[in-house]
Amino acid sequence: MYICLCEPVTDKQLRSAILEGASTIRELRQKLGVVKQCGRCAKATLAILEETLSEGESHCDSCGNAATCGCAPHAATAHSSGNELAVI
Ligand code: FES
């Protein structure tokens, strides 16, 4: 779905840019051109930014799944996201 119409940018493009490291509206503006003209996309862009960043916090750096995935790296070490798993 298009989020910005002034500079045609979709929610998928926003999420990809965020997953590639963009963590602020300014960085998304520089990278994709959102919130650069009329600004009507600012609220939706911010919502996607916050949602994607919060999803990323609860994902495993090793396997990319949810922090509670139980993959081998999780079983061997504590997770760094604050969702540490008990090592049995
Ligand atoms: S809709 Fe994004 S700047 Fe206008």
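What percentage of the residues of the protein count as buried? And how do helix 1 and helix 3 pack?

Reply: This is a predicted model. Of its 88 residues, 18% count as buried. The protein has four helices and two strands. From the N terminus, the order is β-β-α-α-α-α. Take the contacts between residues at least 6 apart in sequence: 35% of them join residues at least 24 apart.

Now the helix pair. Two packed helices are described by the angle between their axes and the distance between the axes. Helix 1 covers residues 11-19, and helix 3 covers residues 42-57. Their axes are 10 Å apart and meet at an angle of about 45 degrees. Helix 1 is therefore oblique to helix 3. An angle under 35 degrees would count as roughly parallel, and 65 to 115 as roughly perpendicular. The crossing of the two helices is right-handed.

Next, the residues at the contact. Helix 1 brings Asp 11, Leu 14, Arg 15, Ile 18 and Leu 19. Helix 3 answers with Thr 45, Ile 48, Leu 49, Thr 52, Leu 53 and Gly 56. By class, the contact has six nonpolar, three polar and two charged residues.

Leu 14 leads on to the core. Besides meeting helix 3, Leu 14 is among the residues with the most contacts inside the largest nonpolar core. That core has 14 residues. Ile 3, Val 9, Ala 17, Leu 28, Leu 32 and Val 34 share this standing with Leu 14. Strand 1 (2-4), helix 1, helix 2 (25-32) and helix 3 each give two or more residues to the core. The largest share, three residues, comes from helix 1.

Ala 17 is worth a stop. Leave aside its neighbours within four places in sequence. Ala 17 is then in contact with Ala 22, Leu 28, Lys 31 and Leu 32. Leu 28 and Leu 32 are themselves among the core residues with the most contacts.

Last, the loop between helix 1 and helix 2. Ser 23 lies there. Is Ser 23 buried or partly exposed? Ser 23 counts as partly exposed, because it has 13 C-beta neighbours inside 10 Å. A residue needs 20 or more to be buried, and 12 or fewer to be exposed.

Terms used: Residues numbered from 1 in each chain as written. Predicted model: local features only at pLDDT ≥ 70, side-chain atom pairs only at ≥ 80, totals over all residues. Contact = placed C-beta atoms within 7 Å. Axes fitted to C-alpha atoms, helices over the stretch in contact; angles between N-to-C directions. Parallel < 35°, antiparallel > 145°, perpendicular 65-115°, else oblique. Left-handed = near helix turned anticlockwise from the far one by under 90°. Nonpolar A, V, L, I, M, F, W, Y, C, P; charged D, E, K, R; others polar. Core = buried A, V, L, I, M, F, W, Y, C linked by C-beta atoms within 7 Å.
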